[in-house]
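Try each one with the structure open, then read the worked solution.

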Amino acid sequence: MSFTTEARIAAEALEEYLRDSQAGAGATIRQPPMRELVESLGVGELLREGGLEGERFREFLERYLSATTRLHHPGFLAHQVAPPEPLGALGSLVDGFTNNAMAIYEMGPAAAAIEFAVVNWMLGKVGWVSPPLPPAHPEAGVHAAGVLVNGGSLANLTALLAARGRADPDAWRAGPRRDLVVLAPKGAHYSIARAAGILGLGEEALVAAPTDGDGRLVPDRLPSTLRDLRQAGRRVMAVVANACSTAVGLYDPLRKVGRFCRENGLWLHVDGAHGASALLSERLRARLDGVELADSLVWDAHKMLRAPTLCAAVLVRDGCDLDRAFHQEASYLLHAKDEPGFDFMSRTVECTKAGLGLRVLLSLAREGERGAARYVERQTDLATLVAAQLRLEPGWEVAVEPESNIVCFRLEGSDARVLEIRRRLLAAGRHYLSSTEFRGRRWLRLALMSPATTVDEIASLVAEIRGIAAEVP
Ligand SMILES: Cc1ncc(COP(=O)(O)O)c(C=O)c1O
């Protein structure tokens, strides 16, 4: 069998999958027992004996696709993972096929060049000065920089590593000082706490920043928090702000927080994993007003830029902070050389690194950045409509007025009742939503990622929940 035959089988299967999913056919989510799946997919036999060809490959794909969670389906309302742009998904295929480990330029010039240019495009959207494309050298002055890594969690870790390098330059050699703290809203993504652990600061180094009742940073209370910490002998390594928060999608007031951080010599890290894509929209970019005052920003492309997983940008205002973050010797890879390109190796945990820029580029290349902006605007506007629709239901409560494409709501009753409603909904399979804790209670949570989701689909979700709720005391 030639590659073309296999590729055609896969392309046909995926085309049908996409069409059916977008049209709302079949279940959004179906969770057969794992043992059953391993058996029906013939995993053991394939590992032992191989032989996956032609019709068998087609049948295998059919079975595989029937047990996937359908992100392109109008009923996919659960998590912040994009139904990828098909052209972007082909980027994953091309990258996987060529396998250019492009962290050093000589191992993937096209992939590295695209990543450099994509990062520069993102830096421009933030309002930072991007460096010229190599082999030109940057002129004197501060230049921003970035790198694409495998997801927002790794991106947050990388950004906080750069912050640690600024606050405690000797940490790489001697381990971190004991007095460092990271000031972050309680609702920051858990990867921030993990980063504190991984960086050797310890979980106790994560201090809750002052927030209002909705979990939004309150800049006016930052001075007293900083004073208290300093009096207690602690040194703030970084302040973290959400843009937007994972649970309910609210943006922190970046300009005020940014000014405070600049005035006090504090590193501001903005976690824009989900919400930074609003920078593409003239109408919505005000949500991130002041983001240029940050020292670092994380921006996931596999969320609102519709790139296939995983792909997140770590962006820093002063590129030197990122270049100094990893003080590593790898003489066989890192040595002074005259080169026409750029080695990303010194900016990332990874050694063998995928060509993630291609995925971002191809995800945008059909409709350009205006198309991406339209997607962000559509999903955000839909969230506003959905919140209004949910508020019409007697006894239903919407957590906050949405600022992104995330909507949280709950029905009357205990957290256990809310979770039971979700369990029954998922078992039915058409609508897949998530849940979150917020203000001490459990909420149902919609992340409106699929372009196929409409107001009518939400009406059918509401009707289904109404029916389930009538049976759940
Ligand atoms: C604000 C925020 N930061 C970081 C992450 C983690 O990103 P990833 O899942 O790409 O590791 C998420 C994921 O939902 C998020 O919402």
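**Exercise 1.** In which loop is leucine 133 found?

Residues are numbered from 1 along each chain as its sequence is written. This is a predicted model, where local features need pLDDT of at least 70 and side-chain atom pairs count only at pLDDT 80 or more, while totals for chains, interfaces and linings use all residues; side-chain values use heavy atoms, with hydrogens and water left out.

*Solution.* Step one: find the loop between α6 and β2 (145–149), and leucine 133 is there. Helices (H or I, at least four residues) and strands (E, at least two) are DSSP runs, numbered from the N terminus. Step two: check its cover. Leucine 133 counts as partly exposed because its relative accessibility is 49%; buried means under 20% relative accessible area, exposed over 50%, and partly exposed in between, with a 1.4 Å probe and protein chains only. Step three: look for partners. Setting aside neighbours within four places in sequence, leucine 133 is in contact with Phe116 and Ala117, contact being heavy atoms within 4.5 Å.

**Exercise 2.** Which residues touch the most other members of the largest nonpolar core?

*Solution.* Start with the term: a nonpolar core is a set of buried Ala, Val, Leu, Ile, Met, Phe, Trp, Tyr and Cys residues joined through side-chain atoms within 4.5 Å. The largest one has 62 residues, and Leu148, Leu297, Trp299 and Leu315 touch the most other members. Next, see who contributes: helix α6 (residues 109–126) gives the largest share, 5 residues. Then zoom in on leucine 297, whose contacts beyond four places in sequence include Val126, Trp128, His269 and Leu315. Finally, spot another core lying apart from the largest one, with 40 residues, among them Ala111 and Trp267. As background, nonpolar side chains tend to be buried together in soluble globular proteins.

**Exercise 3.** Where is arginine 359, and where is aspartate 95?

*Solution.* First, the pair itself: arginine 359 forms a salt bridge with aspartate 95, with the closest N and O atoms 3.4 Å apart. A salt bridge is a side-chain nitrogen of Lys or Arg within 4 Å of a carboxyl oxygen of Asp or Glu. Now place the two: arginine 359 lies in helix α13 and aspartate 95 in helix α5, so the pair ties together parts that are 264 residues apart in sequence. Last, check cover: arginine 359 and aspartate 95 are both buried. By this rule the model's count comes to 33 salt bridges.

**Exercise 4.** Is aspartate 343 buried or exposed?

*Solution.* Locate aspartate 343 in the loop between α12 (319–323) and α13 (356–364). Aspartate 343 is buried because its relative accessible area is 12%. Its side chain reaches the backbone nitrogen of tyrosine 105 at 2.7 Å.

Methods. Polar contact = N/O pair within 3.5 Å; in protein donor to acceptor, adjacent residues only side chain to side chain.
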